[in-house]
Amino acid sequence: LVTRRWLFADQLGPHFLDDPDQPVLLVESRAVLARHRFHRQKAHLVLSALRHRARELGDQALFVQARTYAEARAQVHEPLSACAPTSRGALELLGRLPDVEVLPERGFASSRADFERWADGRTRLLMEDFYRDARRRLGLLLEPDGGPVGGHWNYDSDNREPPPRQPRGTDAPAVLDVPEPWWPEEDEIDEEVRADLDRWEASGEVSFVGRDGPRRFAVTHREARYALHTFLRKRLPAFGPVEDAMLHADWTMAHSLLSPSMNLGLLDPVECARAAEAEYRNGRAPLASVEGYVRQLIGWRDYMFHVYWHFGPDYGRHNYLAARRKLPRWFADLDADAVQAACLSDVLAGVRDRAWVHHIPRLMVLGNYALQRGWSPQELRDWFHYSFLDGYEWVMAANVIGMSQHADGGLMATKPYAAGGAYINRMSDYCGGCRYDPKQRRGEDACPYSAGYWAFLARNRERLEGNRRMVQPLRGLDRLADLDKVVAQERGRASTAP
Ligand code: SF4
């Protein structure tokens, strides 16, 4: 006899069942939505995905719409099993509920046991080392002798190209010449979700951040497979070289747009990585693009998940750089129109309108700005969690606390991701249309990123002095004759919209 499987809203793909016919419990909890200010489109995506799964499964699923998970459990009078949920809170909750067997987690390329075996005895848990271990263990992109295909484990150096320029002789903004991603068509379930969210919002029961808009991401395994197929066949070849570049008129570039599907559990990351490898083996995609994609999937994504568990609940409280400023209202509310800095305004508008921007705007525009200004890493982590379609507690802990804000003091990244306007100018087309000048650090036209960079270094000099990778930047700081003036100027702009 197979026990009924409780599927959480991020466990919606077929790989969370032991058997395709296994009975299922799905719970839609209104209290979760009411507890936080989610992006409107995130609430839509999650509810739509849950309800689509319930319809797909028909009589096989009990679909309970309740205020809380505990109330839902009380309505089901049989033992349950669940794959370990992805957050500590949900795991503890399951431990308190009667008769729920908790199985190991699924939906990641490496298990928690794999990670702990790898981490055992290491002083530094570098993502690159973990990724190589996972490649070997999973047999991905390997030569018959066990070495990496092409002779290198990492093709990052091929994947740092700036974006294409504006076409000569036209006013048209630059875009990447690559086929469109797959786009979904909304159906009656989306209509119903939209009506429910409108009603709950009007009654004051829930409140959202961001704007509503057409659904742009998959909500079923089938839809996610279409999106994956389109990416692999049409867009993956172009992905690698410009994966770190930004264009104001092209928010998708050649990105897969699959992270929301992956984090809803609609796709199995190992299957996706193997499908990408097949594109390389069949001569349809270059190695640098395929390797870059596989690294995101089985390297970065898993690493974030395992770091969340490995370092325990205290990890989220780290604040190595003593950054305590509150997130300003204009930022928290995604008020892109209040911002004149072209890069930040466009990226904030992307979050407001789509609840998704790719990894470089997140890290180098949003995260970098907050880091420079000393905003609370915990507030920023929660903001990313609730404002992004693919944001979950496990993703944002390591991404924001560790990587983006260096609040863990370097447990997972060797140096802070702080950069001035020169970086954004090189990797995007934003600066040409901006009222600021990336080369200026003082005065009316001073680029907030360039000035903010120096102010950040000055404020954190002592904490960063022991870091080998910060020696050069700190030497640069010593050469600045006008540092005091830059610092005073930036102190005055710490919370105002730039
Ligand atoms: Fe952003 Fe500075 Fe460039 Fe303006 S000049 S787009 S603020 S980096």
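# Domains, a sheet and crossing helices

Mentor: Let's start with the overall layout: the domain assignment of the protein chain gives domain 1 (4-103), domain 2 (112-184 + 219-310) and domain 3 (315-491). Keep in mind that this is a predicted model.

Trainee: Thanks! What makes up the contact between domain 1 and domain 3?

Mentor: Domain 1 gives 10 residues to the contact and domain 3 gives 8 residues. On the side of domain 1 that touches domain 3, there are 2 nonpolar, 5 polar and 3 charged residues. The C-alpha centres of domain 1 and domain 3 are 36 Å apart.

Trainee: Let's look at His-36. Why is His-36 called partly exposed?

Mentor: A residue counts as buried with 20 or more other C-beta atoms within 10 Å, and as exposed with 12 or fewer. His-36 has 14, so His-36 falls in between and is partly exposed.

Trainee: Where does His-36 lie in the chain?

Mentor: His-36 sits in the loop between helix H1 (30-35) and helix H2 (40-57). In sequence, His-36 and Trp-383 are 347 residues apart, yet C-alpha to C-alpha they are 10.0 Å apart in space.

Trainee: Now the sheet, please. What is the order of the strands in the open sheet?

Mentor: The 5 strands follow the order S3-S2-S1-S4-S5, with parallel pairing. The twist from one strand to the next averages 30°.

Trainee: What makes strand S3 (61-66) and strand S5 (100-103) stand at the edges?

Mentor: S3 and S5 each have a single partner strand, so one side of each is left without a neighbour in the sheet.

Trainee: How do you know that strand S1 (residues 4-7) pairs with strand S4 (residues 80-83)?

Mentor: Pairing needs at least two bridges. There are 2 bridges from S1 to S4, so the two strands pair, and they run parallel. S1 also runs parallel to S2, joined by 3 bridges.

Trainee: Which residues are the partners of Arg-5 in these strands?

Mentor: In S4, Arg-5 stands opposite Ser-81. In S2, the bridge partner of Arg-5 is Val-24.

Trainee: What does H2 touch when it packs on the sheet?

Mentor: H2 touches strand S2 (24-29) and S3, and the direction of H2 makes about 150° with that of S2.

Trainee: On to the helices. Why are helix H11 (residues 287-310) and helix H16 (residues 393-404) called roughly perpendicular?

Mentor: Angles of 65 to 115 degrees count as roughly perpendicular. The axes of H11 and H16 cross at roughly 90° and come within 8 Å, so the two helices are roughly perpendicular to each other.

Trainee: Which residues meet there?

Mentor: Met-304, Phe-305, Val-307 and Tyr-308 in H11 meet residues of H16 including Trp-394, Val-395 and Gly-402.

Methods
Residues are numbered from 1 along each chain as its sequence is written. This is a predicted model: local features need pLDDT of at least 70, side-chain atom pairs count only at pLDDT 80 or more; totals for chains, interfaces and linings use all residues. Helices (H or I, at least four residues) and strands (E, at least two) are DSSP runs, numbered from the N terminus. Domain bounds come from an automatic or database domain assignment. Two residues are in contact if their C-beta atoms, placed from the backbone, lie within 7 Å. Ala, Val, Leu, Ile, Met, Phe, Trp, Tyr, Cys and Pro count as nonpolar, Asp, Glu, Lys and Arg as charged, and the others, Gly among them, as polar. Axes are lines fitted to C-alpha atoms, for helices over the stretch in contact, and angles run from 0 to 180 degrees between N-to-C directions. Angles under 35 degrees count as roughly parallel, over 145 as roughly antiparallel, 65 to 115 as roughly perpendicular and the rest as oblique.
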